[in-house]
Amino acid sequence: MVGFPLLTWTSRFLTRNTTCLPSLWCSSRRLESTMRNILHVAEKNDAAKNISAIMSGRNAQRREGISKFNKIYQFNQAFQGQNCNMIFTSVSGHLLGHDFPSTYRGWNSCNPVDLFSAPVIKSCTKDMENIKRTLEREIRACDTLVIWTDCDREGENIGFEIIDVCLAVKPNIRVLRAKFSQITNQAINRALNNLVEPDKRVSDAVEVRSELDLRIGASFTRFQTLRLQKLFPGILSEGLISYGSCQFPTLGFVVERYKSIQDFISENFWKIEVTHEKEGVLARFNWEEGELFDEDVARSLFEACQEINLATVENVESKPKSKWRPAPLDTVELEKLSSKKLRITAAETMRIAEKLYTQGFISYPRTETNIFPKDLALAPLVEMQAQDPQWGDFAQQVLQDGPNPRQGKKSDQAHPPIHPTKYSNSLQGNEKKVYELIVRHFLACVSKDAKGHETKVHITIGEEKFNAKGLMVLEKNYLEVYIYERWSDSEIPIYNVGEQFVPTTLELREGETSAPNLLTEPELITLMEKHGIGTDATHAEHIETIKKRNYAALTNNNFFIPQQLGMALVEGYDSMGFHMSKPYLRAELEADLKKICEGQKNPQDVLRDQIARYKEVFEQAVAQVNKLDSAVEQHLGVRREANAVFDLPAPISSQKFATCPGCGQDLIVKQKRDGDTFYISCSAYPACRNSIWLPSAVRNVQVTDQTCQQCGPSTKMLKFDFKRGEMDVFYPTLECTTCVMGCDRTFLDNLDIRGFSRRGPARPNQNGGGNNPPDDDFGNGPPGPGFGPGGGGNTTLSIFGSRSTTTSTQSGQNQQSNKKKTDSSKNNAWTIGPMGDFGPDIFTDGNSTVTCSCANAPPAAQRTVRKEGPNKGRQFWGCDKPMGQGCGFFKWADDPALNGQQQPMPHAIWAPPQRTQPPPQRTQPPPPLVPPINNDDEDVFCNCNAPAMMRNVRKEGPNKGRQFWSCGGTNRCNFFQWADEDAPPQNFGQPAFGGQNQTNGNFNDYQGNTNTRQNKRGGGGKRKCSICHQEGHTKTRCPNRN
């Protein structure tokens, strides 16, 4: 009944004040639009889900991201004193990856030594593209980015990858870092209230390691794989023979233990044993001398004891004895315990631990710390385990005594030891085993040591001394819950000092020394940690690699045994004197990486020194490679192929001949995979696409030492060899040495190719490619990389002379007024060719000669498509001037426009240069476009006063799926505006897509009645409101709007 008067008042207010509703509604929208948007990004979807659930009180709304595996969680929450709209999403590990440009990616594309100096690019991998696009889409409406990746080296680097992607779209965002070690209410809220700056030094250390691993691994892997597959095709023709600066020392430990067993020679030894039974209890006395390897000496001492045959008790020690509870659990100890006690591999253990962490059951599992911080409340963690039927009573006892952890000696100052953060009794299989191990270990380490009483009896027989030990366990304490250890009673009789007795047995026993066992996984991890091979987060990964490559295998008893190929590789390199299987080189790198994190070393200095060191080792290995061949023959039991000859691919330096005029990188001569044709390409591909495809008449191309006098000393001449019967008329000797940079026009014309244009490169996107405008939702994107006057930076030249370019970026242009835009459109008419090549409208002289767009309208050149494809044999017209000097004119010879038919003018992609001669005027306007969609309220109008049309970007890139408004009228006013931004309209000639001057240029393919909007508007006239039909305002400002 309380709400009834309020309801009545509200209805009366609304009845009498209907004119206020639009204002109230608009005020609500303005309030919502002014709310800050904060983008949060976690390392995995499960982490994003659980963290957002904690932050929102489990009230977050879920929506789909572009990646179906990475959801978006949205909720409102107070943030830094303001009520903000929180948007929480995730990546799936590393978003970007290191790789070489395509020039170096092929296994035979270069000499492996070139990989130590080759450029390295970092771009988004294909399977992460949708995640990247989600970040790019969401960050546009946000002013702050919060990184919630794991707080270790890899997590910090992943965080900076997220930062790079977001800054490329919105450079002015604020970036913050959340520091947390467990996904609990307290930890997440503490992290949110104590955000910090991301640590670039830690990320730089990962960048150095990643680049080194790529260079070292790729060079050695290519070298030994190509060589051994060539020399031993019968047994090594398939499979990768990889090398890694961590996997090889890991393999080295396995091989070293195996060889020590093979080389072991057993020795015989002798020892004296004494037993005595008293009151039904048998005591065994050990000879303090231990074992003797001289039988005569051992036998003489034994005979002396036999002669006396009477033992005297010299001393009885009785003291308390404790068995220490375990130290807090770190990553290495978890891997070792799980492998030894649970028979679960380290890799599987870490996979399970990661899952338990993201589900909130345990703290962060990758830590080097075994010391609990003083501010970590342990009692609540123990209390949540008190409900378990197996260890609940023990947890209650710990609470009564108070948690008292035994502290270790290591701390990474980042994460606490691994411990349970939430109780669970619903886990199954190995997940349950690993969780139980973590819980029992935690409860054990915060309880008490086991207590007992030890008795040690010392006796003498003649001059020889013996002793025996007994143990009485008084309090088991932690052993009650820690089922993975035993400490049992060892009873001995009660003896008094001075007491004498005759031994029950007195014997001289013979034995022999035994070889050590093969390495177990826990022992291998211990060696890797001791020598600094990898980190706690990568030990399992390196072990799995040597198993996957068939370098080593596990026996049924879980011992590592090297395989023949692994033995051959280790012994082959060790015989060269490098000891690459030893941990020294990698351990030095790990130490340098730690100093980078601490700010003590410069990342570039470390990178440069390590590259130089490994390059020297590689060059010496190539010089002594026969030792590797011999080791493979010995261990694999095969002979190398008798006639096999292996030559390393030529270095890239021998293929370089000039500098790319587009980007400044090297131009190189390359051969296609079919081995029949050659082409010239920029080494920066795909960031730069300058290239020349040479005709099949070219039999061979070589870079000479001669330099071009016109182009300068940095440009070398190329020697061409031609096939007989194709170029004989031009080159009777079938040879020609010349320059292809544009100075020798005769040669270029003879081969029907064009030289390189001196243009700026297209700015690469995150994928390493050039800038490309988007497609709309009907697939009307740029018709391939087009070209026009003063066209784009990157040019692909084919054997028939046509070219495709990515559009260039015009910077520094301000928004033009409608009048200026109209004047510009009058002076420059543009068409789109059937292949999507942009160029000015074709016009002819009085004799119907096709002319291009250059000054004075010179005749165009007619050519024929010779490249394989759907247009082979088709003729086209193009500018006759050399590349870079002409207007970029292109038109198919069979285009109807050549017969006087005019083509509709699309939106210009860039402002063309001023013509000295205007194009002919159109005789009739182009056909109107279809009516706009999603603009029924006529809220958005273009520059020609027509309702705008909404479209969706379909082209791959950061704007895919994004909606925008374009001209909906018949005048093609070049109007553009993003649908999700309250920005002023932009010209299509102005930067619109991601800050770059690119757009589609053809929105003419819609189907439907093109006159619908015209009829609705009544053929022009003043605008009227669609509600009251009065002039002077629109629907959004109508006072009668309900």
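The exercises below concern a predicted model of a single chain.

**Exercise 1.** Determine how helix H20 is oriented relative to helix H21, and describe the residues where they meet.

*Solution.* Step one is to locate the helices: H20 covers residues 584-597 and H21 covers residues 603-623. Step two concerns their axes, which come within 10 Å and cross at roughly 170°. Angles over 145 degrees count as roughly antiparallel, and therefore H20 is roughly antiparallel to H21. Step three turns to the residues in contact. From H20, Leu 585, Arg 586, Glu 588, Leu 589, Asp 592 and Ile 596 take part, and they meet Pro 603, Val 606, Gln 610, Arg 613 and Tyr 614 of H21.

**Exercise 2.** Classify the aromatic pair of Phe 372 and Phe 442, and state where each residue lies.

*Solution.* The whole structure contains 26 aromatic pairs. For Phe 372 and Phe 442, the centres are 6.0 Å apart and the planes stand at 80°. Planes over 60 degrees apart count as edge-to-face, so the pair is edge-to-face. Phe 372 belongs to the loop between helix H13 (346-358) and helix H14 (379-383), whereas Phe 442 lies in helix H16 (residues 429-445).

**Exercise 3.** Decide whether Phe 372 and Phe 442 are buried or exposed.

*Solution.* A residue counts as buried under 20% relative accessible area. Phe 372 has 3% and is therefore buried. Phe 442 has 1%, so Phe 442 is buried.

Methods:
Residues are numbered from 1 along each chain as its sequence is written. This is a predicted model: local features need pLDDT of at least 70, side-chain atom pairs count only at pLDDT 80 or more; totals for chains, interfaces and linings use all residues. Side-chain values use heavy atoms; hydrogens and water are left out. Axes are lines fitted to C-alpha atoms, for helices over the stretch in contact, and angles run from 0 to 180 degrees between N-to-C directions. Helices (H or I, at least four residues) and strands (E, at least two) are DSSP runs, numbered from the N terminus. Angles under 35 degrees count as roughly parallel, over 145 as roughly antiparallel, 65 to 115 as roughly perpendicular and the rest as oblique. Contact means heavy atoms within 4.5 Å. Rings of Phe, Tyr and Trp (its six-membered ring) pair if their centres lie within 6.5 Å; planes under 30 degrees apart count as stacked, over 60 as edge-to-face and the rest as tilted. Buried means under 20% relative accessible area, exposed over 50%, partly exposed in between (1.4 Å probe, protein chains only).
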